[in-house]
Amino acid sequence: MSGEIIGVSALRDILPCRPSMLLLDRVFAESENKLIGLKSISMNEPCFMGHFPGHPILPGVLQVEAIAQLAEVGLWKRLDPERKGDFYIKELHKIKFRRPNNPGDRLVIEDRTLPISARTVRNSKPRSRTIPASHAMRTESSQSARRSRRRNRSCRIMNSIKGKAAS
Amino acid sequence: MSVNQIMGLIPHRYPFLFVDYVSKIEGSHVTGVKNTTESEPIFRQYKDGYTVLMGAVQAEIIAQVGAIYMLSNENNKGKIAYFMGIDKSEMFAPVFPGDQLRLEVDIPDGKQNSAKAKVSCMSATNWHPTPACFSQSSIPDSDQNMEKARRLS
């Protein structure tokens with residue numbers, strides 16, 4: 001599983017969710033216990049019709065749902081290999097939404113999992129970071145872009161993915 | 001330019017507003033950003049689960065960036081921009097959900113109420129799903145996957 005990039009169609013096979021509640025576009029399985037998910041945010045999504053008219057912000061609970069879906073992608077093989085049951089969120093601890101996500105931004109979600117029993121798994125510090133739309137051009141390797149990439153952790157995550165894909 | 005300002009300029013709305021962000025308008029050059037994601041209604045899904053953006057929609061995405069440029073001109077405020085034609089266009093790669101598109105439009109000086117533009121639409125996404133991940137068959141070994149990903153990106 002490690003080093004694998006999972007696209008939308010494969011995600012549809014894994015997750016029971018369907019658009020518009022399938023909140024992952026792409027998943028990079030870095031190792032057995034660590035997954036990185038990508039979600040692009042576009043104005044063309046139905047949730048922005050009501051949240052809020054004239055002031056589009058991605059609902060925070062959808063970020064939590066995206067984290068939970070990413071956990072399911074990493075765990076179904078271990079917890080439910082025959083695909084008999086469903087996955088549910090059981091508890092949520094200490095969640096903070098630090099900044100709003102607007103259309104044009106991209107979410108990079110990092111999940112690490114810690115098993116605590118045969119049927120329950122704990123997620124240790126899943127993180128969802130935003131690549132702002134203004135950073136969309138940063139894939140060009142200009143000097144200034146490289147400098148700001150060093151500052152921006154989420155871009156660094158993307159870089160490490162790129163490095164992996166090229167090596 | 002955020003999506004609110006974009007909606008202030010062009011009359012397009014959900015589900016047919018395809019520009020999420022305009023990073024700069026410099027002289028006659030406009031750079032826009034379009035994020036694609038699965039919950040958009042524009043994606044075409046084939047029977048085997050292969051999901052891809054229709055090529056004609058790519059043309060519309062770029063046309064909307066051109067519309068933003070035309071309508072940001074003081075003389076054209078409040079008007080509606082029409083798509084008049086496509087001269088030469090070529091699609092090089094499929095666009096999958098999750099890709100981020102960088103749209104470059106270069107409009108040479110011309111008449112006030114119509115303009116021809118040189119455009120390009122590139123994927124700015126660093127990591128691509130491999131074709132193997134899109135089919136329902138089992139995924140071959142990861143070296144092969146990476147090789148395909150490299151060719152795609």
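**Reading the labels in a predicted model**

Q: Why is Met84(B) called exposed?
A: Met84(B) has a relative accessibility of 75%. The cut-off for exposed is over 50%. The value passes that cut-off, so Met84(B) counts as exposed. Keep in mind that this is a predicted model.

Q: Where does Met84(B) lie in chain B?
A: Look in the loop between α2 (55-72) and β5 (100-106) of chain B.

Q: How far apart are Met84(B) and Lys116(B), in sequence and in space?
A: In sequence, 32 residues separate Met84(B) from Lys116(B). In space, the two C-alpha atoms are 9.2 Å apart.

Q: Which helices and strands build chain B, and in what order?
A: Chain B has four helices and six strands. Along the sequence they run α-β-β-β-β-α-β-β-α-α.

Q: What share of chain B is buried?
A: Of its 153 residues, 44% are buried. To be counted, a residue must have under 20% relative accessible area.

Q: What share of the contacts in chain B joins residues at least 24 apart?
A: Take the contacts between residues at least 6 apart in sequence; 58% of these join residues at least 24 apart. A contact here means heavy atoms within 4.5 Å.

Q: What makes up the accessible surface of chain B?
A: The total is about 8,100 Å². Carbon and sulfur atoms hold 52% of that area.

Now to chain A.

Q: Why is Lys94(A) called exposed?
A: Its relative accessibility is 87%. Exposed means over 50%, so Lys94(A) belongs in that class.

Q: What makes the phi of Lys94(A) worth a note?
A: Phi is about 45°, a positive value, although Lys94(A) is not a glycine. Most residues other than glycine have a negative phi. Lys94(A) is found in the loop between α2 (60-79) and β4 (106-115) of chain A.

Q: Why is Arg83(A) called partly exposed?
A: Arg83(A) has a relative accessible area of 31%. Buried needs under 20%, and exposed needs over 50%. The value falls in between, so Arg83(A) is partly exposed.

Q: What kind of peptide bond joins Pro19(A) and Ser20(A)?
A: A cis bond, with omega about 10°. Most peptide bonds are trans. Ser20(A) lies in the loop between α1 (8-14) and β2 (26-29) of chain A.

Q: What is omega for the peptide bond from His51(A) to Phe52(A)?
A: Omega is near -10°, and the bond is cis. Phe52(A) lies in the loop between β3 (34-40) and α2 of chain A.

Q: Which parts of chain A does the pair of Glu110(A) and Lys34(A) tie together?
A: Glu110(A) lies in strand β4 and Lys34(A) in strand β3, so the pair ties together parts that are 76 residues apart in sequence.

Q: Are Glu110(A) and Lys34(A) buried or exposed, and why?
A: Glu110(A) has 5% relative accessibility, and Lys34(A) has 17%. The cut-off for buried is under 20%, so each of the two counts as buried.

Q: What links Glu110(A) to Arg112(A)?
A: Their side chains meet in a salt bridge, at 3.3 Å from N to O. Arg112(A), at 33% relative accessibility, is partly exposed. Shared partners join Glu30(A), Lys34(A), Glu110(A) and Arg112(A) into one network of salt bridges.

Q: What makes Lys39(A) and Glu45(A) a salt bridge?
A: The closest N and O atoms are 2.9 Å apart. This is within 4 Å, so the pair counts. Lys39(A) is buried at 1% relative accessible area, and Glu45(A) is buried at 2%.

Conventions:
Residues numbered from 1 in each chain as written. Chains lettered and ligands numbered in written order. Predicted model: local features only at pLDDT ≥ 70, side-chain atom pairs only at ≥ 80, totals over all residues. Heavy atoms only, no water. Helix = DSSP H or I, 4+ residues; strand = E, 2+ residues; numbered from the N terminus. Buried < 20%, exposed > 50% of the residue type's maximum accessible area, 1.4 Å probe, protein only. Areas by Shrake-Rupley, 256 points an atom, 1.4 Å probe, with all protein chains shown as cover.
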